[in-house]
Amino acid sequence: MADLVVFAKPPRSTALIILCVITVLVSSYYIFSNIRLYNNAAEVARVGKQQIDRSRAANIGASGKQDRYNKVLEDALMMLDETKLRQQAVGLLAGNLLTLVAAIIMFTQRPWGFGLYVAGSLLHIGTPLYLFGVNTIPGIISAVAQSIFSVAFVMMYAFQLKDMRPREIVDDLML
């Protein structure tokens, strides 16, 4: 008798289905959001700068931690540069496209989609740090906010990798 070795995909886990659906929905939302940000960068910059000017005017006579407050406002003004807003939109759009494609690939139980997901997550974290620097408060806040969700989802997908790999099934072949 000969043994027949068959590689079969295990059934898709409920956790993997939920993760992929959430990723597809969130990534799709942010794709459209970043396209809108790219198209409206001038308006976003103008309105943001007006808000900062109002905030400065309201706090002109305030004493105490004025230097730190001015540093935060200067960092925020740097983030509201139209070119930087567009660059941020492009970087985050690329990251969201990668995570969307990765979720679809992992939904079909192909583990190499996990590498794409990690690359998209690194773009989410790295884009604000690259554009705004690691020594600016808004840059750090943006990167930390992105990294919390990115790292959490990377870990949850990593636990699902075992369900994406084919398992060996050995049957006795009766001849």
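Biologist: Is E43 buried, partly exposed or exposed, and what is the relative accessible area of E43?

Modeller: First, note that this model is predicted. E43 has a relative accessible area of 40%. That makes E43 partly exposed, because the class covers values between 20% and 50%.

Biologist: Which residue does E43 meet in a salt bridge?

Modeller: Start with the general idea. Side chains of opposite charge can pair when their charged atoms come close. Here the partner of E43 is R46, with 2.4 Å from N to O. R46 is partly exposed too, at 41% relative accessibility.

Biologist: Where do R46 and E43 lie, and how many residues apart are they?

Modeller: Both belong to helix 2, residues 41-58. They are three residues apart, so about one helical turn separates them.

Biologist: How many salt bridges does the structure hold?

Modeller: Two. E82 and R86 form a salt bridge as well, and their closest N and O atoms are 2.7 Å apart. This pair lies in helix 4, residues 82-107. The spacing is four residues, about one turn of the helix.

Biologist: What are the relative accessibilities of E82 and R86?

Modeller: E82 has 31% and is partly exposed. R86 has 25% and also counts as partly exposed.

Biologist: Over which ring does the charged end of R86 sit?

Modeller: Over the ring of Y38, 5.3 Å from the ring centre. So R86 has two entries in your notes: the salt bridge with E82 and the place over Y38, by the distance and angle rule for a charge and a ring. R12 gives another case. The charged end of R12 sits over the ring of F107, 4.1 Å from its centre.

Biologist: Now ring against ring. How many aromatic pairs are there?

Modeller: The count comes to two aromatic pairs. Y29 and Y30 pair with ring centres 5.1 Å apart and planes at 75 degrees, so the pair is edge-to-face. In general, a pair of aromatic rings is described by the distance of the centres and the angle of the planes. For edge-to-face, the angle must be over 60 degrees. As for accessibility, Y30 counts as partly exposed at 41%.

Biologist: Let us turn to a serine. Is S121 buried or exposed?

Modeller: S121 is buried, because its relative accessibility is 4% and the cut-off is under 20%. S121 has its place in helix 5, residues 113-132.

Biologist: Which residues is S121 in contact with, leaving aside neighbours within four places in sequence?

Modeller: T99, S150 and V154.

Note on methods. Residues are numbered from 1 along each chain as its sequence is written. This is a predicted model: local features need pLDDT of at least 70, side-chain atom pairs count only at pLDDT 80 or more; totals for chains, interfaces and linings use all residues. Side-chain values use heavy atoms; hydrogens and water are left out. A salt bridge is a side-chain nitrogen of Lys or Arg within 4 Å of a carboxyl oxygen of Asp or Glu. Helices (H or I, at least four residues) and strands (E, at least two) are DSSP runs, numbered from the N terminus. Buried means under 20% relative accessible area, exposed over 50%, partly exposed in between (1.4 Å probe, protein chains only). Contact means heavy atoms within 4.5 Å. Rings of Phe, Tyr and Trp (its six-membered ring) pair if their centres lie within 6.5 Å; planes under 30 degrees apart count as stacked, over 60 as edge-to-face and the rest as tilted. A charge sits over a ring if NZ of Lys or CZ of Arg is within 6 Å of the ring centre and within 35 degrees of the ring normal.
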